[in-house]
Amino acid sequence: WTAPDPGEGGAQAFGYAVTVDPNTHKVFASTLGATAMISDDRGIEWHPVGVDYAARESRAIQVDRTEWNRVYSGSFYSGVFKSQDGGATWSQRTFGSGFPYPWAVVPDPVLDNIVYAGTQGEGAWKSYDYGDTWTQIAGLPTVVQGITVDPRNDNVVFFGTSAGVLRTQDAGQTFTNVLPRAAWTITITGGDSAVVYATTKSSGVYRSVDGGSTFTA
């Protein structure tokens, strides 16, 4: 490993997420105490993302795989930010209290108009219009820090919450707690949606080989 310079003055001691645009050479990094950073050359040189990003700290930047110019990011008690030009300019969207803290903003990999957001204290939300307006999803805890949509069946969505990993198989109508451990992230392996990994806050990493129905440490 070598230390890149996403902070323009020293490598960051704490980063929330690094996201690689699957369609270009861009890399996005969300860091502690600063706005999001972007590299256009696979991480060699870094600069702040474009104008209009009012949030001081960013969370979990996501690139829409169906349209690489469309980029989403959560922000520290500032709502969701969306770029439609690859991170050059941004627009802000708020909902709920007006000052939501989105940990995860995740576009649906099949229906690109649908976007999910998980927040600190205000549960999970769903947008049907590319993140412009939001509707709260009922039946989830107030803390949702990870969201993963199954790319082979986008009705299946995993939510990493303070109560565990909750799975819906009907796009958010009903939920099952498939791993009752406070969770961070859920990863579906490659093209095989039967293998799912979950990171928990205090119990280590878990794996499922049956599509997330059961997990073992």
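**Reading one residue, then its surroundings**

Tutor: Let us begin with a single side chain: a polar atom in the side chain of Thr168 lies 2.9 Å from the backbone oxygen of Thr174. This is a polar contact, a pair of N or O atoms within 3.5 Å in which, within protein, one must be able to donate a hydrogen and the other to accept it, while residues adjacent in sequence count only if both atoms are side-chain atoms. Before we go on, please keep in mind that this is a predicted model, in which local features need pLDDT of at least 70 and side-chain atom pairs count only at pLDDT 80 or more, whereas totals for chains, interfaces and linings use all residues. Residues are numbered from 1 along each chain as its sequence is written, and side-chain values use heavy atoms, with hydrogens and water left out.

Student: Which backbone nitrogen does the side chain of Thr168 reach?

Tutor: That of Gly172, again at 2.9 Å. Thr168 itself belongs to strand E15, residues 164-168, and here a strand (E, at least two residues) is a DSSP run, as is a helix (H or I, at least four), both numbered from the N terminus.

Student: Is Thr168 buried or exposed, and which residues does Thr168 touch?

Tutor: The general idea is that buried means under 20% relative accessible area, exposed over 50%, and partly exposed in between, with a 1.4 Å probe and protein chains only. Thr168 has 1% relative accessibility, so Thr168 counts as buried. For touching, we ask for heavy atoms within 4.5 Å, and beyond residues up to four places away in sequence, Thr168 touches Asn155, Val156, Val157, Phe159, Gln173, Thr174 and Phe175.

Student: Which residues of the largest nonpolar core touch the most other members?

Tutor: In soluble globular proteins, nonpolar side chains tend to be buried together. A nonpolar core is a set of buried Ala, Val, Leu, Ile, Met, Phe, Trp, Tyr and Cys residues joined through side-chain atoms within 4.5 Å. The largest one here has 14 residues, and Tyr116, Ala124, Ile137, Leu140, Ile147, Val157 and Phe159 touch the most other members. At least two of its residues come from each of strands E9 (102-107), E13 (144-149) and E14 (157-161), and E13 gives the largest share, three residues. Apart from this core lies another, of 12 residues, among them Ala183, Val196, Ala198 and Tyr206.

Student: How should I read a pocket, and what volume does the largest pocket have?

Tutor: Rolling a probe the size of a water molecule over the atoms shows where empty space is left. On a 1 Å grid over the protein atoms alone, a pocket is an open set of points where a 1.4 Å probe fits, with protein on both sides within 12 Å along at least five of seven lines, and lining residues have an atom within 4 Å of a point. The largest pocket has a volume of about 1000 Å³, a volume being the space filled by probe spheres set on the points, which are joined across faces, edges and corners. Of its 33 lining residues, Gln62, Val106, Ile147, Thr148 and Ile186 are the closest to its centre. The lining divides into 20 nonpolar, nine polar and four charged residues, where Ala, Val, Leu, Ile, Met, Phe, Trp, Tyr, Cys and Pro count as nonpolar, Asp, Glu, Lys and Arg as charged, and the others, Gly among them, as polar.

Student: Where is Arg59 found, and why does Arg59 count as buried?

Tutor: Arg59 is found in strand E5, and Arg59 counts as buried because its relative accessibility is 1%. Its contacts, leaving aside neighbours within four places in sequence, include Tyr16, Ser30, Tyr101 and Trp103.

Student: What is the phi of Tyr77?

Tutor: Most residues other than glycine have a negative phi. Tyr77, although not a glycine, has a positive phi of about 50°, and Tyr77 sits in the loop between strands E6 (71-75) and E7 (79-83). Tyr130 likewise has a positive phi, near 60°, in the loop between strands E11 (124-127) and E12 (135-136).

Student: Is Ser202 buried or exposed?

Tutor: Ser202, in the loop between strands E18 (196-200) and E19 (205-208), counts as exposed because its relative accessibility is 72%.
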